[in-house]
Amino acid sequence: GFAAASLLGGVAQNSAMLFSARALQGAFAALLAPAALSLISVTFTESRERARAFGVFGAISGGGAAIGLIAGGILTEFASWHWTLLVNVPIAILAVFLAIPFVKESRATGDTKYDIPGAITATAGLVSLVYGITQAESQGWNGTSTLTFMGLGVLLLIVFLVIESRSSHPLLPLRILENRNRGGAYLASFFVGVGLFAMFLFLTYFFQAVMGYTPLTSGLLFLPFSAGIVVSAGVASQLLPRFGPRWVTASGFVLAIVGMTLLLRLSPTSSYAGDILPSLIVMSFGMGLIFVPLSAVSLFAVGNHDAGVASAVLNTSQQIGGSIGVAFLNTIAASATTAYIVSNGLSQPTPDALVAGFTRGFLWGAIILAVAGTIWVVLVNMTKKDMAANDSPMAHVG
């Protein structure tokens with residue numbers, strides 16, 4: 001059941017993400033991914049079993065990503081890019097029917113209630129913040145529209161936190177964030193989303209606008225990245241109970257940063273095999289070592305009642321980070337391309353101008369991943385003994 005849901009979720013998520021459908025696929029993933037992770041947490045109660053389950057989850061998600069990349073290319077090339085927005089519907093329905101016979105119910109018990117004010121302020125704040133960042137491309141970072149929407153977004157998010165601290169049934173119980181290890185995992189996850197997701201956007205542009213590949217071929221060129229995650233997720237599930245999450249994930253961050261830095265070598269004459277493939281392989285191995293321990297730590301010492309919200313915070317941090325990252329890094333890249341055009345007296349974007357923007361985006365992506373790795377090493381001090389000590393899913397929130 002977990003495997004089917006993860007595989008199908010990966011197909012839908014990556015078909016949409018690669019071809020600018022993050023809004024719709026984010027809504028689907030926001031429901032599916034937290035539920036799957038929380039089910040793993042409450043079903044697998046022993047640390048080694050749970051690490052293996054997270055490894056399988058990560059590997060199958062990588063397989064779903066590979067299928068999604070191909071499906072997105074097929075739909076875009078032979079039908080219309082609009083189908084990448086609609087493909088989620090039949091896949092979601094199929095996932096529901098596959099999950100029903102295999103997934104056991106594990107709903108929270110006790111007094112429950114919806115936090116409508118929290119949901120409204122959080123959603124409005126994030127939308128305003130992301131929109132403000134996108135305005136920087138045309139208005140500049142000091143533009144009135146940019147500062148107004150970004151300021152409004154920050155204000156609404158502050159109001160959201162105030163509401164959560166006073167609500168009897170908060171959308172985000174702040175006790176989830178108070179644990180040092182979980183807080184570090186969520187914060188690192190956010191910055192991973194900021195630094196990583198725009199890489200797919202820039203490479204897709206490079207494959208099609210500079211190298212002249214079709215959408216289908218562009219999707220196929222990402223397959224080594226998905227394959228690397230599948231392999232490294234399995235490796236991470238073996239290393240996690242032996243060495244603990246801190247340094248396993250730290251090594252993953254090192255590989256991811258190296259892989260992103262290798263993309264700074266790109267030029268209009270770069271080849272896939274010599275210049276891009278090595279980066280994708282190194283980066284994918286690093287991300288597999290990051291994702292599996294990140295999932296395990298984010299659910300560290302969380303009881304059954306809070307497993308769902310703890311999983312949702314992890315998924316939300318990645319989705320929000322990805323949305324902000326795409327907006328921020330795309331603005332950075334567009335500004336660099338514009339500066340190149342102006343400084344060289346060009347009348348339109350050339351491959352050199354486009355690559356100047358892409359490499360600037362990759363540079364910032366590497367810096368942000370380094371920030372995420374630093375946060376992880378500083379805040380997460382969880383050991384393999386701590387993992388074993390919290391084998392019981394009924395452990396109280398720390």
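Is P351, at 40% relative accessibility, counted as buried, partly exposed or exposed? The model examined here is predicted, with local features requiring pLDDT of at least 70 and side-chain atom pairs counting only at pLDDT 80 or more, while totals for chains, interfaces and linings use all residues. Residues are numbered from 1 along each chain as its sequence is written, and side-chain values use heavy atoms, leaving out hydrogens and water.

P351 counts as partly exposed because its relative accessibility is 40%, where buried means under 20% relative accessible area, exposed over 50%, and partly exposed in between (1.4 Å probe, protein chains only). P351 belongs to helix 15, residues 351–379. Helices (H or I, at least four residues) and strands (E, at least two) are DSSP runs numbered from the N terminus. With neighbours within four places in sequence set aside, P351 is in contact (heavy atoms within 4.5 Å) with V210 and P268. T269 is 82 residues away from P351 in sequence, yet their C-alpha atoms are 9.3 Å apart.

Turning to the chain as a whole, the secondary structure consists of 16 helices and zero strands. Of its 398 residues, 49% are buried. Contacts between residues at least 6 apart in sequence join residues at least 24 apart in 81% of cases. Carbon and sulfur atoms account for 68% of an accessible surface of about 17400 Å², computed by the Shrake-Rupley method with a 1.4 Å probe; for residues, only the protein chains shown count as cover.

Helix 9 deserves a paragraph of its own. This helix runs over residues 180–210, and its 31 residues should span 45 Å at 1.5 Å a residue, in agreement with the 45 Å between its end C-alpha atoms; the expected span is 1.5 Å times one less than the number of residues. Because 24 of its 31 residues are buried, helix 9 is largely enclosed by the rest of the structure. At its start, a side-chain oxygen of N179 comes to within 2.9 Å of the backbone nitrogen of N181. After helix 9 comes G212, with a positive phi near 80°.

In helix 6 (residues 116–139) sits T121, which is buried at a relative accessible area of 12%. A polar atom of the T121 side chain lies 2.9 Å from the backbone oxygen of P117. Beyond residues up to four places away in sequence, T121 touches L156, V159, F160 and I163.

How values were computed
A polar contact is a pair of N or O atoms within 3.5 Å; within protein, one must be able to donate a hydrogen and the other to accept it, and residues adjacent in sequence count only if both atoms are side-chain atoms.
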